[in-house]
Every structure is written in C-alpha cells, then in structure tokens.
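Please look through the sequence and the coordinates together before reading on. The paragraphs below move from one element to the whole chain.

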Amino acid sequence: MNTNKLILGHLAAFITIMIWGTTFISTKILLDYFTPLEILFFVFLLGSLHFALSTHPNFDWLIKSKNGTLLELVYAE
C-alpha cells in the first residue's frame with residue numbers, strides 16, 4: 001500500500017470532519033440573520049456550482065493530476 005495515498009486519504013477525511021463539524025455552529029449563527037429556507041437555498045446553490053464546475057470538461061485540470069484523478073489520490077488503497 002502506498003503510504004502517501006494513505007496519508008492523503010486520512011488528511012482528506014480529517015478536513016471533511018472539520019468542515020462537517022463546523023456546519024452546525026455556523027448554521028446556528030446564520031439562523032440569527034437568515035430563514036432556514038434561505039440557508040438551504042444557499043447551501044444547494046453552492047453545492048450545485050461546485051458540482052457543475054468540477055464536472056465541466058474545461059476544468060479537467062482541477063480533477064486530473066500527474067498521479068491519477070483526484071478521487072484516486074483521496075481514496076487510499
């Protein structure tokens with residue numbers, strides 16, 4: 001098993017956990033300024049933009065690397 005892929009996989013999982021953990025706190029703060037539907041709208045808007053950009057053919061350089069695709073780098077074997 002490649003040690004670099006294993007470390008990168010653990011790092012990606014840690015970053016995901018940190019982002020996921022902060023969403024509850026940020027949602028509580030955002031509820032003071034926005035309605036739940038507005039927050040939901042912005043979350044889905046940002047997610048849709050991210051998905052559209054990451055899958056668009058002109059942005060292959062975002063997904064590809066010299067060692068393989070980004071998903072291959074993140075998921076350790």
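How many residues does helix 1 have, and what distance does it reach from its first C-alpha to its last? In this predicted model, helix 1 runs over residues 3–30 and so counts 28 residues by the DSSP assignment, and the distance from its first C-alpha to its last is 40 Å, close to the 40 Å expected at 1.5 Å a residue.

Is Ile25 buried or exposed? Ile25 counts as exposed, because its relative accessibility is 56% and the cut-off for that class is over 50%. Ile25 belongs to a nonpolar patch on the surface, which is formed together with Ile29, Leu30, Tyr33, Phe34, Phe41, Phe42, Leu45, Leu46 and Leu49, and which has about 1000 Å² of accessible area in total. The elements that give two or more residues to the patch are helix 1 and helix 2, the latter spanning 36–55, and helix 2 contributes the most, with five residues.

Turning to the whole chain, there are four helices and two strands, and when read along the sequence they follow the pattern α-α-α-β-β-α. Of the 77 residues in the chain, 6% count as buried, while the chain exposes about 6900 Å², of which carbon and sulfur atoms supply 74%.

Conventions: Residues are numbered from 1 along each chain as its sequence is written. This is a predicted model: local features need pLDDT of at least 70, side-chain atom pairs count only at pLDDT 80 or more; totals for chains, interfaces and linings use all residues. Side-chain values use heavy atoms; hydrogens and water are left out. The expected span of a helix is 1.5 Å times one less than its number of residues. Patches are made of residues with over 30% relative accessible area and no salt bridge: like charges are joined within 9 Å, nonpolar side chains (Val, Leu, Ile, Met, Phe, Trp, Tyr) within 5 Å. Accessible areas come from the Shrake-Rupley method with a 1.4 Å probe; for residues, only the protein chains shown count as cover. A salt bridge is a side-chain nitrogen of Lys or Arg within 4 Å of a carboxyl oxygen of Asp or Glu. Buried means under 20% relative accessible area, exposed over 50%, partly exposed in between (1.4 Å probe, protein chains only).
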